[in-house]
Amino acid sequence: MDIRSSISVKKVAAAMAAFMLGVHTQGAIHSVSAASVVVTETASEAGSGQSSIVLDSKLPKGAKISSEKAYNNVISLFPELKKATLTSSNYGGGNSYPQPDYKVWDLQFQIRMGSSSHGFSATVHGETGEVLSVYLPEYLWEKQADSDAKRISYAESEAISKAFLHKAIKGLSEDDYVKLDASGGDTISPLFGHAQYYFVYQLHVNGLPTSENTVYVTVHDSGVVTNYSRNIPQSDFPSPNPKLSAQEARSIFEKNFNVELSYIPNKYSYNKKHSNYYLGYLPSTGMESIDANTGETFSAYNSTDTKTEYVTESLPNGNAFVPAKKDLSAEEALQLVENTFPTPKGYQVSESRYEKRSYRSGEPSWNIYWSKEDKDDSYMYMNGISAEVNAKTGEIQSYEIYNRSMDNETKVDKTVENKQKITAEAAKKLAINKVLALVPNAAKELKLSTVSNSDTSYFFNFTRYLNGIPVYGDNVSISMDKAGAVQSFYSQFSADAATMPAASEPAVTKEAAKKIFLDRTKTTLQYEGFGGYYGIQGDREERSIKLVYHPQLSDIDYYSSEALDASSGKWKLLYGTTQESIVSDIVDIKGHSAESLLQKMVSHGVLTPNEEGKIEPERTITKGDWYTYLARGLNPGVGNDVYYSGNEDDKIFADVDIDSPYASILNLLINQSWIEADPEQKISPEKQLTRGELAEMIMSVLKYEKLSKFYQQGTDLAAVADASQITNKGAASLAIKLDLLPLIDGRFLPERYVTVTEAAQVLNRLAELQGKLDFFMNSQSFYRYY
């Protein structure tokens, strides 16, 4: 998907409109058949992982290269695949959906490890012989990654990716493509584990950039290219010569452009509750693409027949939402949904699942699914209804009828054509009444913000306002067919009204913010794809390409969006955090004896400043703090998810259940086998952490628990003045030997509390020990893409 910069509240609504009115598909599920090459293996070769395959030089109808040539082209790019077994070679439509207008060789590989096997594939263009996609599994390169070889930097990996790009695409010159910054703004790399650098290149067509011709390359920090894929345009490109001049396009953009003061969460994450908001400016209108020939404006997210209007309309008082008086049963949740959205004929309930903690609200919910009685059982077709109901309040938080075909033949619901169609005004009234009845405080907090009308459906988006200010990400949307039958409904509120900043006069005025945006925004001539959407009836509009002027913030990462802080006038990323920006926000480490070390921990996301910008280096930490730092060393974003599916009584430890702020942190460490869950034992996350306890916790991470318990004589502690006070002498001795907890004036001080600085020193030493011990961080389980 072509992700754009400076996404405003209304642009998000437009994107949601595209989703509700239809799903844009550029590549996913597929099937291949036609010509097939039979594969045979000898037992000895299968066990060794060597290939024994029947490949030939025959050309199936329409092909210009053989299966043998396709295989050799893949091997020339990825010689490591010689170690894998080729299990099949098929010529057909390939792995793209909808099916492309060209055919590919689909090569299926397999790697066997003992009694288990892992499959993966590669595709090669059937006419040109160009390799289109290859995935290299970890087994083929993990030994190289685990070696003591120096890890390469981002700059070094970029050079490798470019060299590979030129090798994969013959005749490519430096002027034929542009590299996009694919990090999405989030450049925090982990302290532990390996990194995989993810690169995106746009290939030019007629000298202009286009998202329709994109290449993806992944480079592991050992220097191995592990993934390669590219998409090939499925539509013809118009002339690169615009009828509209750049100056005329700029005038249209500046006339339409405006900004809006909004409540914006720090580090926005979809479907996640947020508690920390600031006032900032985002574009409200004018960021749509401009047709380079007609001067019309439109969004790439909408189908070409969709007419979208941006409004700000308050809602009338009406039948307000009435919360449930008690927790809903499965039957009550089902009845509520069917009373609100009558189930179309031919559908029956196939599943009703209770979740203790919904990913959407973090509260208990019922997830209900209906399937069509006469549906095609093949995986190539999707046809059903889904709904989510808050089991505590009775709010219907989502509802959707989906009718998608997974091949080139769409299954359109023709019954709508025979129904009485309603007007746009009637549809709007119906949508408002539904929202008033289904959403708490709707009349007070919601305003209609987007109205879209296509040939087959209506779409409405409502934005949440608190203190008269829109809240970024808090929206309600509803779509219906032309007969007024609701096809989808989504409600997402992330902000707590009681914790929002006061609506004071911002230091940066709206006029000043608009000028800052205009000065930084460029309008670039490029090709942009439109269409490829499935409507709510299952009908699909063909993909087309237009020549456009596209507004985009200059010098910004292609995949990120920024807001302007209304207090400081500084730019802030909507998603993610850069290493540089987070370090610059710290106010209490300058001049500290461990300043550089603390900066390093902050840059890796292990330590994060509080609301005052402080790290508090000399603060003593709790056991929960240590587990948090350790988990962030693996994944700086741990804790950002709220999804959980499990039983109500599930506990990780006796004093930590799924609602605990430590739940996701401890689950990550459990998955890494650094701690073991025990529902009957307390872990005491709020207890102050001593050096003696930290030594034992380190042994769990290093897998030296048994060794430390066996090694209790303490003969190595003879020179330690307070050896007699150490309970676990083996753990202390190993921690001292590995320089993880060095002596302080000849003493170990097992009862001394650990400070933030001391924890940072231990974590830094652990990072230095990666790959040098038998068990610690020798697994390829965790990667960070950036």
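Author: Strand S13 (residues 289–291) is joined to S14 by 2 bridges, and the two run antiparallel; helices (H or I, at least four residues) and strands (E, at least two) are DSSP runs, numbered from the N terminus, and two strands pair if DSSP finds at least two bridges between them. Within this pairing, Ser-289 has Phe-298 in S14 as its bridge partner. This is a predicted model, in which local features need pLDDT of at least 70 and side-chain atom pairs count only at pLDDT 80 or more, while totals for chains, interfaces and linings use all residues. Residues are numbered from 1 along each chain as its sequence is written, and side-chain values use heavy atoms, with hydrogens and water left out.

The pair belongs to an open sheet of 4 strands, in the order S14-S13-S26-S24, with antiparallel pairing. Strand S14 (297–298) and strand S24 (521–530) stand at the edges with a single partner strand each, so one side of each is left without a neighbour in the sheet.

Helix H6 (residues 246–256) lies across S13, S14, S24 and strand S26 (544–553), and runs at about 95° to S24; axes here are lines fitted to C-alpha atoms, for helices over the stretch in contact, and angles run from 0 to 180 degrees between N-to-C directions. Helix H10 (residues 510–520) also packs on the sheet, where it touches S24 and S26 (contact means heavy atoms within 4.5 Å), and the direction of H10 makes about 65° with that of S24.
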